[in-house]
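Q: Please take a close look at the part of this model where its two chains touch. How is the contact made up?

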Amino acid sequence: MSDQEASPTSGIIKKFLYVNRRAPHGSNYAQEGLEVALVGAAFEQDVAMAYIDDGVFQLKTDQDTSEIGTKNFSPTYRALGDYDVKKIYVEKESLEKRGLTQDDLMPLVYEDEDDDWAEKPMINLVSAAELQDIIEQSDVVLNF
Amino acid sequence: MKFSVVVNEGPYTHQASDSAYYFTRAVLSQGHEIMRVFFYHDGVNNGTRLTTPPQDDRNITNRWSDLAKEHDLDLVVCVAAAQRRGIVDEDEQKRNSKDTNNIADGFRISGLGQLIEAGIQSDRLVAFGD
C-alpha cells in the first residue's frame with residue numbers, strides 16, 4: 001500500500017462505516033474490505049466496522065487456512081487499532097444464530113490517546129436495532 | 001448533486017456493472033455530476049479491453065469507455081485488486097515486468113485512496129455489488 005497518497009480532503013471528516021457480511025474465507029470480500037479500512041486511515045476520517053451475518057466469522061479466533069492453501073489474513077484485524085479504527089460493532093443476533101459468543105472473537109484493542117494510551121477493547125456487541133441506528137447515522141456506508 | 005459510483009462485481013456474471021452503468025447515465029442525464037466511478041473486487045475486470053462478447057450481446061467495457069469519453073468520466077481501477085486479477089496498464093506492465101497490458105480506453109489504475117476520497121468529496125457514494 002506504499003503507493004497510496006492521501007489527497008487533500010479540505011478538512012472534511014465523515015463517518016465511514018464498513019459493513020462486513022461475508023465469511024472470511026470462501027470469497028475475498030473480507031480481505032479486500034479490510035484493506036479499504038486500513039487505507040482509509042490515512043485520510044483521518046471517523047471509521048467504524050460492522051460485522052453481521054456470516055461476517056462475524058471474520059473475527060473468530062484461531063483461524064487456520066493451511067488446509068485450503070489461502071492466505072490467513074486474520075492477524076491483520078489486530079492492526080485495525082493502530083490504524084485509528086476504534087469502533088467495531090458485532091451484531092448480537094448474528095453471533096447467537098451461529099452459536100458464537102464474544103469469547104470466540106479475537107480480543108481486539110486500541111490504545112486510547114486520551115487515556116495515557118491505555119489499551120481499550122474495540123468490539124461492541126450491538127442488537128440489530130442498534131446497528132440500524134448506527135448505519136443511519138453514518139455518512140458513507142460500504143458493504144463487503 | 002455530486003455522485004460517485006462503486007462497481008464491486010465483474011462484467012456478465014453479475015448485473016452490478018450493468019446497473020451501475022445505467023445509474024451513471026441516469027445521474028448525468030438529470031444534470032448531476034459524476035465525480036468518479038471506482039472499480040473494486042472483481043469489478044476491476046470491467047476494465048480490460050480484451051473483452052470480446054458475442055456480437056449480439058452488449059460490450060460492457062466499451063460501453064464504459066464510450067461513456068467516459070462522452071462525459072469526461074474518471075474511471076478508476078483499484079491497483080491492488082487489479083494486480084491480483086491481471087488488469088495491467090503501461091506503468092504496471094513496466095513495474096512488474098509483464099509482457100503486455102490490457103487496460104481499456106478511459107480507465108486508469110490507482111490506489112484505494114481514490115475510493116475514500118470519492119466518499120469524502122461526493123454528496124452520495126452509490127455502490128453496486130452482489
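A: What follows describes the contact between the chains, then a helix and a loop residue.

The model is predicted. In it, 24 residues of chain B are in contact with 26 residues of chain A. The size of an interface is often given as the accessible area lost when the parts come together. Here the area buried between chain B and chain A is about 2000 Å², and carbon and sulfur atoms give 54% of that area. His41(B), Ile116(B) and Ile120(B) supply 31% of the area that chain B buries against chain A, more than any other three residues.

The two chains also meet through charged and polar groups. Between chain B and chain A there are 3 salt bridges. In one salt bridge, the side chain of Arg85(B) meets the side chain of Glu32(A), with 3.0 Å from N to O. Polar contact joins 11 residue pairs between chain B and chain A, counting pairs in which both residues have pLDDT 80 or more.

Three elements of chain B give two or more residues each to the side that touches chain A: α3 (79-85), α5 (113-121) and β5 (124-128). Of the elements, α5(B) gives the most, with 7 residues. Sorted by class, the side of chain B that touches chain A has 11 nonpolar, 7 polar and 6 charged residues.

An α-helix has 3.6 residues a turn, so residues three or four places apart point the same way. Helix α1 of chain B covers residues 16-29, and because its 14 residues should span 20 Å at 1.5 Å a residue, the 20 Å between its end C-alpha atoms agrees. After α1(B) comes Gly31(B), which has a positive phi, near 85 degrees.

Ser138(A) is found in the loop between α3 (128-136) and β7 (140-143) of chain A. Ser138(A) has a relative accessible area of 15%, which is under the 20% cut-off, so Ser138(A) counts as buried. A polar atom of the Ser138(A) side chain lies 2.8 Å from the backbone oxygen of Ile134(A). With its neighbours within four places in sequence left aside, Ser138(A) is in contact with Lys15(A) and Leu17(A).

Terms used. Residues numbered from 1 in each chain as written. Chains lettered and ligands numbered in written order. Predicted model: local features only at pLDDT ≥ 70, side-chain atom pairs only at ≥ 80, totals over all residues. Heavy atoms only, no water. Contact = heavy atoms within 4.5 Å. Buried area = accessible area lost by both parts, 1.4 Å probe. Salt bridge = Lys/Arg side-chain N within 4 Å of Asp/Glu carboxyl O. Polar contact = N/O pair within 3.5 Å; in protein donor to acceptor, adjacent residues only side chain to side chain. Helix = DSSP H or I, 4+ residues; strand = E, 2+ residues; numbered from the N terminus. Nonpolar A, V, L, I, M, F, W, Y, C, P; charged D, E, K, R; others polar. Buried < 20%, exposed > 50% of the residue type's maximum accessible area, 1.4 Å probe, protein only. Expected span 1.5 Å × (residues − 1).
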